[in-house]
Amino acid sequence: MTTADVVIEGGSVWVGPGELHADGLVHIQAGTVVYAGPRGGEQVPTGTPRINAVGCTVLPGLIDAHVHLTTNSDHSRVVPSDVFRGQVSNPGKLLHGLRNAHRALASGFTTLRVMGHRGVGEIELRDFIDEGLTIGPRLLVSPWWITMTNGHGDLFYPPYTRRERWDTADGVEECRKLVRIQAKAGADFIKVMASGGMSKGEQPHWPNYSVAELTTIVDTAHDLDLRVAAHALSADGIRRSLASGVDSIEHGSYLDEETAAEMAEKGTFLVPTMSFNDWCQREGTSRGLSPQAVADLSDAHERTIESFGLAREAGVTVAMGTDSSGTLCPFGAHARELELYVKHGMSSEEALATATTNAALMLDRPELGSLSIGSVGDAVVVEGNVLTEIGHLTQRSNLRHIVRAGRDITAHVREATAVLGLDDAVQTDPGDS
Ligand SMILES: [Zn+2]
């Protein structure tokens with residue numbers, strides 16, 4: 001028997017939307033779910049390690065579908081993101097990324113969709129974790145973002161900064177080539193900047209890329225079985241992204257009824273990333289943001305909430321993403337996003353679906369995000385009834401067990417959390433939910 005076998009018994013087992021077993025049992029063998037259902041429905045081999053989940057909710061491992069992994073992980077130091085980008089070496093960034101990964105895992109998030117930072121080594125970290133050489137969440141990585149000259153992401157760097165070949169791509173030929181370069185580098189998906197953002201020198205209403213360029217990116221990616229995530233804030237950026245056939249709209253702050261209807265019709269996912277702006281509203285000033293920046297982000301936050309409502313009315317599928325990015329929206333507080341979804345109209349179960357089955361669907365990884373037979377053996381055991389009170393998930397003390405690929409890693413995670421202070425920044429009281 002390998003150590004990737006475990007049985008979780010008692011408690012409410014939430015297999016996925018619509019399937020709850022009040023006195024349930026989950027059996028994971030060799031890292032894969034072989035049974036999830038009522039207790040007594042399965043003969044578990046003697047000697048299998050057992051987790052008692054009485055009084056708890058048992059959930060599939062959670063997915064955060066929008067994070068910036070290799071960002072500042074040291075919450076005791078306020079480091080503006082441009083300073084971090086410009087002054088920390090690539091190996092230094094990767095070490096922070098590993099620490100951020102541990103923060104996520106300790107909060108029950110066993111899969112992260114990593115939006116990519118060029119040359120930092122996130123692909124290598126993904127493989128290192130997959131091979132079992134270190135403990136971490138499963139990473140799905142875009143090697144770096146695809147952006148045009150003067151586009152979002154290019155403007156993170158001041159004009160005097162030396163830019164390298166393929167930091168940007170302009171015109172259909174370069175766009176096609178860059179997708180293929182990223183595929184060869186080991187991409188799990190492609191991230192493209194399809195509108196301006198909130199960084200210095202740009203406007204969120206700017207579209208980035210023409211429909212022809214976006215279509216080339218999408219078609220080339222789809223030929224290689226890669227999905228495309230489009231950063232798109234403005235209605236124009238969203239419209240062009242939809243016309244080109246992208247698979248998800250990230251942020252989508254300026255969605256309108258027309259674009260929401262088009263997303264629903266095409267099956268395009270929305271990743272709202274409310275946490276980032278929410279965090280900046282609450283903590284931005286103490287984290288070095290100017291009053292103007294906080295006011296701008298407050299506007300964006302209101303608009304994101306409006307878009308979220310429009311998307312839900314139109315029937316758009318939402319996948320959870322936080323935009324966790326170090327100093328301003330620290331790793332480990334991921335479940336806050338679910339709390340915000342509930343605050344703005346979702347039931348707890350709908351919110352859970354965004355971080356499990358919906359996200360898995362978006363990632364085209366059906367083995368993730370559920371406890372049904374054949375799924376990966378990732379599970380979280382949370383004290384209390386998460387289906388009536390999503391807030392249970394946000395309190396670290398409620399997380400009784402974290403199971404990753406059939407291994408109960410709780411002791412390891414607890415020790416790392418205590419020794420490395422991974423809980424700082426996570427347990428602040430939002431005070432409004
Ligand atoms: Zn982002």
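How many bridges join β13 to strand β14 (residues 248–251)? In this predicted model, the count is 4, and the two strands run parallel. Within this pairing, Ala-229 stands opposite Ser-248 in β14. Between the two strands, the chain passes through helix α6 (residues 235–244), and this β-α-β crossover is right-handed.

Strand β13 itself is mostly covered, with 6 of its 6 residues buried. In a regular strand, side chains alternate between the two faces of the sheet. In β13, Arg-227, Ala-229 and His-231 point one way. Val-228, Ala-230 and Ala-232 point the other way. Both sets are buried.

The largest nonpolar core holds 106 residues. Ile-8, Val-26, Val-58, Ile-190, Val-192 and Ile-217 touch the most other members. Helix α2 (residues 90–106) gives the most to this core, contributing 5 residues. Two domains supply the core: at least three residues come from each of domain 1 (6–60 + 370–420) and domain 2 (62–363). A separate core of 7 residues lies apart from it, with Phe-276, Leu-289, Leu-328 and Cys-329 among its members.

Helix α10 (residues 335–343) was examined next. Of its 9 residues, 7 are buried, so the helix is largely enclosed by the rest of the structure. The buried residues are Ala-335, Arg-336, Glu-337, Leu-338, Glu-339, Leu-340 and Tyr-341. Among the elements that cover them are α8 (274–283) and α11 (348–354). After α10 comes Gly-345, with a positive phi near 120°.

Conventions
Residues are numbered from 1 along each chain as its sequence is written. This is a predicted model: local features need pLDDT of at least 70, side-chain atom pairs count only at pLDDT 80 or more; totals for chains, interfaces and linings use all residues. A nonpolar core is a set of buried Ala, Val, Leu, Ile, Met, Phe, Trp, Tyr and Cys residues joined through C-beta atoms within 7 Å. A residue is buried if 20 or more other C-beta atoms lie within 10 Å of its own, exposed if 12 or fewer, and partly exposed in between; C-beta atoms are placed from the backbone. Domain bounds come from an automatic or database domain assignment. Two residues are in contact if their C-beta atoms, placed from the backbone, lie within 7 Å. Two strands pair if DSSP finds at least two bridges between them. A crossover is right-handed if, with the strands pointing away from the viewer, the path from the first strand over the helix to the second runs clockwise.
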